Amino acid sequence: MGTIFSESVELENVGELPEEYREVLTHQMLANGEGELSAGDTYVNSFYPLAPNADERYMCLKFGMEEVDHFRRFAKLLTPLGVDTSHMVNQAVAERRYFPAESMTTQFTVWEERAAFSFLCELEGHLQIKEMTTSTYAPLCVEAAEILKEEARHFGYGKRLMQESYDAGAKSRDRAQKALDKFYPMALDMFGRPDSRRGRLAVRWGLRKNDNGELRELYKTAIAGHIEKIGFSVPEVDPSQLQFA
């Protein structure tokens with residue numbers, strides 16, 4: 001990997017660094033910003049209609065609002081770098097290309113799938129954002145720290161819903177396990193290609209601490225502990241199930 005860049009960079013100093021730094025930084029924020037926007041659409045368009053009561057409808061809208069705000073934060077960071085993200089808002093989720101996650105475009109049919117999505121995918125988002133809290137790009141550190149608080153709460157709520165599904169009885173428990181089996185490979189794919197060039201360069205430039213493959217392994221260890229603590233089985237994944245094996 002060589003020497004890791006560790007200097008703190010402000011907006012006015014970005015142009016003084018190699019174009020590679022700016023390119024990797026821009027792509028990182030575009031991908032994560034787009035992912036946040038798609039998650040917001042998913043909470044509103046997919047999960048809200050499945051919600052069993054007014055309280056859960058409220059939470060779907062609240063989470064959707066917060067995810068869209070995360071997108072807004074990334075968009076504001078990208079604007080002074082000359083990157084316009086306004087077109088993303090009117091795109092269908094399936095048309096977005098910076099974060100083309102199947103977890104956002106698959107069909108959701110039961111409430112336990114909402115639980116599994118927040119449980120699995122929000123932890124993925126939490127780990128990705130946590131990487132940015134120590135970024136060499138100072139403006140990103142500030143926004144990432146604020147986003148991280150809400151990502152942690154989203155995951156915690158998903159974990160609570162999974163516990164409720166487990167406690168609700170055999171039928172709900174079975175639906176929740178099937179949801180875990182369905183979404184676990186999708187959550188792994190959300191980290192991108194394990195051997196990604198940009199992932200390695202992001203570490204080289206101090207924009208994150210772990211590359212895609214390393215972060216995925218950290219996730220697998222963390223989520224397995226949560227799954228087993230509730231009482232579910234950790235899904236077994238065949239490489240053929242992964243887009244990014």
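**A helix pair and its setting**

Mentor: Of the 245 residues of the protein, 53% count as buried, meaning under 20% relative accessible area with a 1.4 Å probe and protein chains only. Bear in mind that this is a predicted model, where local features need pLDDT of at least 70, side-chain atom pairs count only at pLDDT 80 or more, and totals for chains, interfaces and linings use all residues. Residues are numbered from 1 along each chain as its sequence is written, and side-chain values use heavy atoms, with hydrogens and water left out.

Now, your pair. Two packed helices are described by the angle between their axes and the distance between the axes. Helix 4 (residues 111-132) and helix 5 (residues 138-167) pack at about 155 degrees, their axes 7 Å apart; axes are lines fitted to C-alpha atoms over the stretch in contact, and angles run from 0 to 180 degrees between N-to-C directions. Helix 4 and helix 5 are therefore roughly antiparallel, the label for angles over 145 degrees. Their crossing is left-handed: the near helix is turned anticlockwise from the far one by less than a right angle. By class, the contact of helix 4 with helix 5 has 17 nonpolar, six polar and six charged residues. Nonpolar here covers Ala, Val, Leu, Ile, Met, Phe, Trp, Tyr, Cys and Pro, charged covers Asp, Glu, Lys and Arg, and the others, Gly among them, are polar.

As for the setting, the protein has eight helices and zero strands, taken as DSSP runs numbered from the N terminus (helices H or I, at least four residues; strands E, at least two). Its C-alpha atoms fill a box of roughly 60 × 35 × 30 Å along the principal axes.

How values were computed. Parallel < 35°, antiparallel > 145°, perpendicular 65-115°, else oblique. Buried < 20%, exposed > 50% of the residue type's maximum accessible area, 1.4 Å probe, protein only.
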